[in-house]
Amino acid sequence: MARPLHRGISGMRLSDNSPSKYGVGENGFASDPFSIGTPRSRHKLILLSLKISLVVIVFLALTGSFWWTISISTSSQRHIVHGYRRLQEQLVSDLWDIGEISLGTSRLRELEFCSQESENSVPCFNMSENLALDSSDGEMFDRQCGQGSRQNCLVLPPVNYRIPLRWPTGKDVIWSNNVKITAQEVRSSGSLTKRMMMLEDDQISFRSASPMFDGVEDYSHQIARMMGLINDSQLIQAGVRTILDIGCGYGSFGAHLFSKQLLTMCIANYEASGSQVQLTLERGLPAMIGSFTSKQLPYPSLSFDMLHCARCNIDWDKKDGIFLVEVDRVLKPGGYFVWTSPLTNTQGFLRNKENQKRWNLVQNFAENLCWEMLSQQDDTVLWRKTINKNCYSSRKAGSIPPTICGKGQEVESPYYRPLEACIAGTRSRRWIPLQAKSTWPSRSNLNKSELAIYGLRSEEFAEDAENWKRAVANYWSLLSPLIFSDHPKRPGDEDPSPPYNMVRNVLDMNAHFGGFNNALLESGKSVWVMNVVPTTGPNYLPLILDRGFVGVLHDWCEAFPTYPRTYDMVHAAGLLSFEAGLKHRCTMLDIFTEIDRLLRPEGWVIIRDATRLVESARALTTQLRWDARVIELDSDERLLICQKPIFKRQAS
C-alpha cells in the first residue's frame with residue numbers, strides 16, 4: 001500500500017528567500033563576489049581557484065572509475081537490470097491483484113444481478129450451448145467449460161424462495177419454490193419416489209406414508225442380504241462407508257443410508273428442470289453434476305466402497321462396456337456394484353431376445369473385469385470387484401477390455417479426461433482390499449503405514465488434526481453470537497443451539513488432508529463436507545476418500561458442477577495465497593462470484609489467509625453485497641467471516 005504523500009512533502013526544505021549576504025546593487029542585481037579588488041579579494045580568488053581545481057580532479061577520477069566499472073561488469077549489470085525488471089514485474093503483478101482495492105472501497109461498484117434465466121442454470125453445463133454436439137451419444141450432457149462460462153453477476157433466488165428448513169427436518173420437507181420442479185412432477189416420478197406427496201401447496205414431502213413399511217428401507221435390506229448380511233445396519237461392518245449413487249433420483253436411497261453412518265454421493269446429469277442433483281442438495285444430502293458419457297469422473301481410482309445404479313438410464317452394454325470400465329476404476333478392490341433394472345429380471349422382461357442379448361453382454365463383460373456375481377434377485381444384481389490383481393493378466397486371450405492401463409494412460413486423479421478402455425488402479429499402492437481396511441469411524445484416522453503411502457508422517461498428520469480441532473472450536477465461538485444477533489428466532493421455530501442446525505451442506509475449497517471435515521464430525525456437527533482439492537496443487541484427494549469422506553478435484557477458475565444456492569457454508573484456508581501464485585489464471589473477483597453462486601442466502605463464508613489477501617478480499621465483499629468482519633489472528637493471517645444477505649427478485 002502506498003505511503004501517504006505528506007511524509008515526502010514535509011521532508012522537503014523550501015529554498016531560502018532572505019536577502020543575499022552579498023548585497024543587492026542599485027539595478028536590482030546582486031553585486032559580483034568574484035570582482036577583482038583588494039589583496040584580500042585576490043586571496044579569496046586564489047582559494048576559490050584551488051577549490052575548483054580540486055573539484056575537477058575529483059570529478060575526473062570518479063568519472064574514470066565509473067567507466068572502468070562499467071567496462072568490467074557489463075554482464076553483471078545485465079543481471080542486475082534483469083533482476084530489477086523481474087521485481088518491477090512482480091510489483092505490477094501484485095498491484096494488478098489488488099487493483100482498485102488499495103484505493104478504498106468507495107470506488108468499488110456493487111455487481112449487477114444476473115438475468116432470471118440464471119436462477120437454476122450451471123455454467124459449463126448450459127444445454128443450449130451443447131445442443132450442437134452429437135446427442136446420440138449423450139455428449140450434450142458433457143461439461144463444456146470455456147472462457148465465456150464465467151459470469152460476473154449475482155444470481156438471484158426465485159421470487160418465492162425461502163430459507164430451507166433446518167436439519168434434519170429439511171431432509172424430509174423442502175420448499176417447492178426453491179427448486180425448478182413442480183410438486184406434480186415429484187409425485188409422478190420413478191417407482192422409488194412415487195410415495196412422495198404434497199403436504200401443502202408450497203412444500204414437497206419425502207416422508208413415507210407408513211413409517212413401518214418403507215420401499216427404500218426394504219430395498220436397502222435386500223441389498224444387505226444379497227451381500228450375506230442380516231440387514232443394512234451391518235453394511236458398516238462389511239467395510240462399506242462411501243457410496244456413489246449414479247442417477248440418484250431425489251436422494252432417497254442416500255437419505256435412508258445416512259442414518260446407518262453411510263455417506264452417499266449422488267451424481268446425475270445436468271437437467272434444466274426437475275433436477276435430481278438440485279433436489280438432493282436441497283434436502284441436505286451430498287450431490288454433484290456428473291455423467292459417464294465420454295469423460296472420466298473427477299475422482300481418483302479406487303475411491304468408493306460401493307457404486308449403485310437403480311434405473312439410472314445408463315446403457316452399460318454400449319461402447320464395448322467402457323462405462324463399466326469406469327465403474328471398475330473408481331471402485332475399491334473388493335467393492336460392490338449394485339444394478340437395479342428391468343433388464344436384469346429373468347422372470348419376464350428377458351423374454352425379449354434383444355434384451356436377453358444386452359443382458360448377456362453385461363454379464364460377460366463383468367466376468368472379463370474379474371467381477372464375481374454374488375446374487376441376483378428380482379430386478380437387482382450384485383457384483384463384487386476382485387481383490388486379486390493377477391486375475392486381469394490370467395484372463396483368456398481376446399478379453400475386453402484387453403489390457404491393463406499403461407503409465408501414460410493412467411492418472412490416479414483425472415480431471416475430466418476422456419474415458420479409457422483399459423483397466424486402471426492396479427499400479428497404485430492404494431490397492432488394498434476393502435475387507436482389509438478399518439471400518440468407520442476408525443478409518444478416518446489413518447495409521448502409520450497407511451500415511452506412508454501418501455508420503456506423510458504420523459506427527460504431521462496428528463498436528464494437522466489438532467490444529468483443525470482448535471480452528472473449528474474458534475469458528476463456532478465466533479459464529480454463535482453472530483447467528484444469535486443476525487438471526488432472531490423465526491415464527492414457529494424452536495430455540496436452536498446455534499449454529500449446529502443452521503449449517504448442513506459445507507464446501508471446503510482447499511481441503512488439504514480433510515482435517516476440517518474430520519474436526520467438524522468429531523465435534524458433533526451434523527454436517528457433510530464436499531472436500532475440494534484444487535487441480536493445480538498437491539493432490540491429497542485419494543487420502544481424503546480413503547478416510548471415508550467425499551470430495552472431488554476442481555479448478556477454481558471454472559464453475560463448480562452444482563446448481564446455485566446449494567451450500568450453507570463455504571470455507572477456504574490458504575486458497576487465495578495458492579491462487580495468487582498461479583500467474584493470473586483468473587481474478588479474485590471471479591472466484592468470489594462463484595462462491596456467491598454456490599452459497600445459499602443467509603449462508604456463511606469463512607476465509608483464512610495472509611493479511612494482505614484477506615484485506616483485499618474484505619474490500620471485494622462490498623461488490624458482492626456481503627456482510628463481512630475481519631478477525632485478527634496471532635500469526636500473520638486474518639480470518640474473514642462473511643454472510644450473504646437474501647435478495648429477492650420482484651414478481652413480474
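**Reading a sheet, its helices and a cavity**

Biologist: I see E8 running antiparallel to strand E9 (residues 380-384), with 5 bridges joining them. How do I read that?

Modeller: Strands of a sheet pair through backbone hydrogen bonds, parallel or antiparallel. Two strands count as paired if DSSP finds at least two bridges between them. Strands are DSSP runs of E, at least two residues long, and helices are runs of H or I of at least four, both numbered from the N terminus. Here Gln-377 stands opposite Thr-380 in E9.

Biologist: What should I know about the model itself?

Modeller: The model is predicted: local features need pLDDT of at least 70 and side-chain atom pairs 80 or more, while totals for chains, interfaces and linings use all residues. Residues are numbered from 1 along each chain as its sequence is written, and side-chain values use heavy atoms, without hydrogens or water.

Biologist: What is the strand order of the open sheet of 7 strands?

Modeller: The order is E5-E4-E3-E6-E7-E9-E8, with mixed pairing. Strand E5 (287-289) and strand E8 (372-377) are the edges; each has a single partner strand, so one side of each lacks a neighbour in the sheet. Neighbouring strands are turned by 20 degrees against each other on average, direction ignored.

Biologist: Which strands does helix H7 lie across?

Modeller: Helix H7 (residues 215-226) lies across strand E6 (304-310), strand E7 (331-340), E8 and E9. Its angle to E9 is about 45 degrees. Angles run from 0 to 180 degrees between N-to-C directions, with axes fitted to C-alpha atoms, for helices over the stretch in contact. Helix H10 (residues 322-330) lies across E6 and E7, at about 135 degrees to E7.

Biologist: Is Ser-220 buried or exposed?

Modeller: Buried means under 20% relative accessible area, exposed over 50%, partly exposed in between (1.4 Å probe, protein chains only). Ser-220 sits in helix H7. Its relative accessible area is 2%, so Ser-220 is buried. Beyond neighbours within four places in sequence, Ser-220 contacts Asp-232, Phe-253, His-256 and Leu-257. Contact means heavy atoms within 4.5 Å. Across the chain, 49% of the 652 residues are buried.

Biologist: How many cavities of 30 Å³ or more are found?

Modeller: A cavity is a set of points on a 1 Å grid where a 1.4 Å probe fits but cannot get out; lining residues have an atom within 4 Å of a point. Points are joined across faces, edges and corners, and volume is the space filled by probe spheres set on them. The whole structure has 9 such cavities. Of its 14 lining residues, Arg-150, Gln-151, Asp-590, Thr-593 and Glu-594 are the closest to its centre.

Technical notes. 1 Å grid on protein atoms, 1.4 Å probe; cavity = no way out; pocket = protein on both sides within 12 Å on 5 of 7 lines; lining within 4 Å.
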